[in-house]
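Below is a briefing on a metal site and on aromatic contacts. The structure comes first, then the points by topic.

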Amino acid sequence: MPIFDWTRTDLFHPLEDGSTALFYEKNRIQDNYKEMADYILHNLHGMTLPGWEPERMARLDELFEAYRPVTKEKLWENLKYFLEAVMPVCHETGIKMAIHQDDPPWDIFGIPRLLCDKESVGRFLKMVDDEYNCLCLCSGSLSANPDNNVADIVRTYCDRIAFAHIRNVRHYPGGDFSETSHRDSDGDTGILDIVKAYHDCGYAGYVRPDHGCHIWGEKCRPGYGLYDRALGIMYLWGCWDMLEKMESLIP
Ligand SMILES: [Mn+2]
């Protein structure tokens, strides 16, 4: 995710159950990246956001200038160059690289973003076809685009997923979305289908509940409250345990 990490336009958007959550309003992401950076840096209430370090934000003009000649194809080339160079070290040390998808999964502020859908994820894995070149598959990032079927992406590339980020988003008209609790029916990501896809594939890697809402008055880093993510991981365990139980009941 060049320059910015993931991007949201509202860090504490009220949901109808009284919680707040990260929200993305597509029309607010226009040309003025400084305005958005200012908003985020002034609304963190003393917290930090990954990829939004004040030192990095202070150099935005310089970074945009550096990216100006970088087309999408050039970015693919750079990524390939980097991965091919580190693969021998990965083999030597037994460390898997695991790339996160772009969030949101489309270009913002004219900067190219690469890993946005099933096709681009496939291109990435094929480009450096090495068992140490893997995915940190983020269900929430991909499902911000309603055209992405995350469960299908999991089934297709499961053997190259080294780390699973599981979370839920809800879509609104015009490309807006908010994050929600992990409960399947609270959003549109298809949490049950995704957990079942991992289970069917015999996934044995790491999982985290990724982001959550802000509940019970918790003062926390936006998206990373303890309470809702703790509920999230127990929800995921509940889905998983039931799938295990059902499997054990089939003769
Ligand atoms: Mn993620």
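Along the chain, the donors of the manganese ion follow the spacing H-x37-C-x26-H-x44-D. Donors here are N, O and S atoms within 2.8 Å of the metal (3.2 Å for Na, K and Ca), and water is not among the atoms, so sites may look incomplete. This is a predicted model, in which local features need pLDDT of at least 70 and side-chain atom pairs count only at pLDDT 80 or more, while totals for chains, interfaces and linings use all residues. Residues are numbered from 1 along each chain as its sequence is written, and side-chain values use heavy atoms, with hydrogens and water left out.

**Manganese site**
- The protein donors are His100 (NE2), Cys138 (SG), His165 (ND1) and Asp210 (OD), lying 2.2 to 2.5 Å from the manganese ion.
- Cys138 and His165 are both buried (under 20% relative accessible area; exposed is over 50%, partly exposed in between; 1.4 Å probe, protein chains only).

**Aromatic contacts**
- The structure holds 13 aromatic pairs (rings of Phe, Tyr and Trp, its six-membered ring, with centres within 6.5 Å; planes under 30 degrees apart are stacked, over 60 edge-to-face, the rest tilted).
- Phe4 and Trp52 are stacked, because their ring centres lie 4.8 Å apart with planes at 25°.
- Phe4 is buried at 0% relative accessibility, and Trp52 is buried at 1%.
- Tyr24 and Trp106 make an edge-to-face pair, because their centres are 5.7 Å apart and their planes at 70°.
- Tyr24 is buried at 1% relative accessible area, and Trp106 counts as buried at 16%.
- One aromatic cluster is formed by Phe4, Tyr33, Trp52, Phe64 and Phe109.
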